[in-house]
Amino acid sequence: MKALIVSDSHGATEELQLLRQRYEGIVDVMLHCGDSELPEDHPALQGFQVVNGNRDLYGSTFQEEYLNEIKGTTIYMVHGHWHGIKYSFKKVANRAKELNATIVCFGHSHVREASMVDQVLCINPGSFRFPKRYLEKSYVILTCDEHTKTVHFYDKIIKKSISLKFPSKNVLQ
């Protein structure tokens with residue numbers, strides 16, 4: 001399974017279109033974790049699964065949560081502003097577990113990070129519009145196989161920044 005994950009694009013359209021052109025047909029799903037600040041029918045969002053963010057247009061009909069099983073991996077996506085993600089990933093990881101998801105994707109803080117919390121892989125791709133804590137504008141390519149989940153952080157559209165690997169199954173069982 002391979003996923004493109006972006007968040008907090010805040011009106012950027014060219015970058016979203018470039019990402020779609022680069023990864024369409026290569027990834028199984030393209031996820032936008034909210035704060036696109038674009039209307040649902042905007043061409044830049046074509047092909048993306050999108051959730052509502054705290055800065056999205058008033059009256060937006062984006063869903064608040066997204067849940068999907070892709071090639072045996074269940075992914076939960078939410079913006080994160082209702083889950084206190086700036087302080088802890090515990091609440092969002094618990095919600096993912098309630099939904100039997102092994103991965104949760106979210107944004108809101110504009111800080112790229114990934115970690116395991118209670119056997120749930122928590123991923124924030126950061127922002128390619130207004131990053132915080134790091135200078136690099138970023139997005140994620142997630143790859144999962146039966147042994148490993150790998151989070152590849154990319155700087156803008158071109159160069160790879162960092163990759164993190166996590167076990168796909170609980171090795172303590």
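1. Salt-bridge network. In this predicted model, a network of salt bridges links Glu 65, Arg 95 and Glu 98. The count of salt bridges comes to five. Side chains of opposite charge can pair when their charged atoms come close. The next three points take up further pairs of this kind.

2. Lys 71 and Asp 28. These two side chains meet in a salt bridge, with N to O at 3.2 Å. Lys 71 belongs to the loop between β4 and β5 and Asp 28 to the loop between α1 and β2, so the pair ties together parts that are 43 residues apart in sequence. Lys 71 counts as exposed because its relative accessibility is 65%. Asp 28, with a relative accessible area of 35%, is partly exposed.

3. Lys 90 and Asp 118. A salt bridge joins the side chains of Lys 90 and Asp 118, at 2.4 Å from N to O. The pair links distant parts of the chain, 28 residues apart: Lys 90 is in helix α2 (residues 90–98), and Asp 118 is in the loop between β7 (112–117) and β8. Lys 90 counts as partly exposed at 39% relative accessibility, and Asp 118 is partly exposed with a relative accessible area of 32%.

4. Arg 112 and Glu 136. The closest N and O atoms of this salt bridge are 3.1 Å apart. Here too the pair links distant parts of the chain, with Arg 112 in strand β7 and Glu 136 in the loop between β8 and β9, 24 residues apart. Arg 112 has a relative accessibility of 13%, under the 20% limit, and therefore counts as buried. Glu 136 is partly exposed, its relative accessible area being 30%.

5. The nearest side chain of opposite charge is that of Arg 55, 8.4 Å away, whereas a salt bridge requires the atoms to be within 4 Å. The side chain of Asp 56 instead reaches two backbone nitrogens: that of Ser 36 at 2.9 Å and that of Glu 37 at 2.8 Å. Beyond its neighbours within four places in sequence, Asp 56 is in contact with Gly 34, Asp 35, Ser 36, Glu 37, Leu 38, Val 51 and Phe 62.

6. Aromatic cluster. Tyr 23, Tyr 139 and Tyr 154 form one aromatic cluster. The count of aromatic pairs comes to three. The rings of Tyr 23 and Tyr 139 have centres 5.9 Å apart and planes at 65 degrees, so this pair is edge-to-face. It links distant parts of the chain, Tyr 23 in helix α1 and Tyr 139 in strand β9, 116 residues apart. Both Tyr 23 and Tyr 139 are buried. The rings of Tyr 139 and Tyr 154 are stacked, because their planes are at 15 degrees and their centres 5.4 Å apart. Tyr 139 lies in strand β9 and Tyr 154 in strand β10, so this pair ties together parts that are 15 residues apart in sequence. Tyr 154 is buried, as is Tyr 139.

7. Ser 138. Strand β9 also holds Ser 138, which is buried with a relative accessible area of 1%. A polar atom of the Ser 138 side chain lies 2.7 Å from the backbone oxygen of Pro 125.

8. In soluble globular proteins, nonpolar side chains tend to be buried together. The largest nonpolar core has 22 residues, and those with the most contacts inside it are Ile 5, Leu 31, Ile 103, Cys 105, Ile 123, Leu 142 and Val 151. Among the strands that each supply at least two residues of this core are β1 (2–6), β2 (29–32), β8 (120–125) and β10 (148–155). The largest share, three residues, comes from β9. Another core lies apart from it, with 18 residues, including Leu 4, Val 6, Val 27 and Phe 48.

9. Most residues other than glycine have a negative phi. Which way does phi of Asp 8 point, positive or negative? Phi of Asp 8 is positive, near 50 degrees. His 10, which is not a glycine, also has a positive phi, of about 40 degrees. Asp 8 is placed in the loop between β1 and α1 (14–23), and His 10 is placed in the loop between β1 and α1. Asp 8 counts as buried at 0% relative accessibility, and His 10 counts as buried at 11%.

Key: Residues numbered from 1 in each chain as written. Predicted model: local features only at pLDDT ≥ 70, side-chain atom pairs only at ≥ 80, totals over all residues. Heavy atoms only, no water. Core = buried A, V, L, I, M, F, W, Y, C linked by side-chain atoms within 4.5 Å. Buried < 20%, exposed > 50% of the residue type's maximum accessible area, 1.4 Å probe, protein only. Helix = DSSP H or I, 4+ residues; strand = E, 2+ residues; numbered from the N terminus. Lys, Arg positive; Asp, Glu negative; His and termini not counted. Polar contact = N/O pair within 3.5 Å; in protein donor to acceptor, adjacent residues only side chain to side chain. Contact = heavy atoms within 4.5 Å. Phe/Tyr/Trp six-rings, centres within 6.5 Å; stacked < 30°, edge-to-face > 60°.
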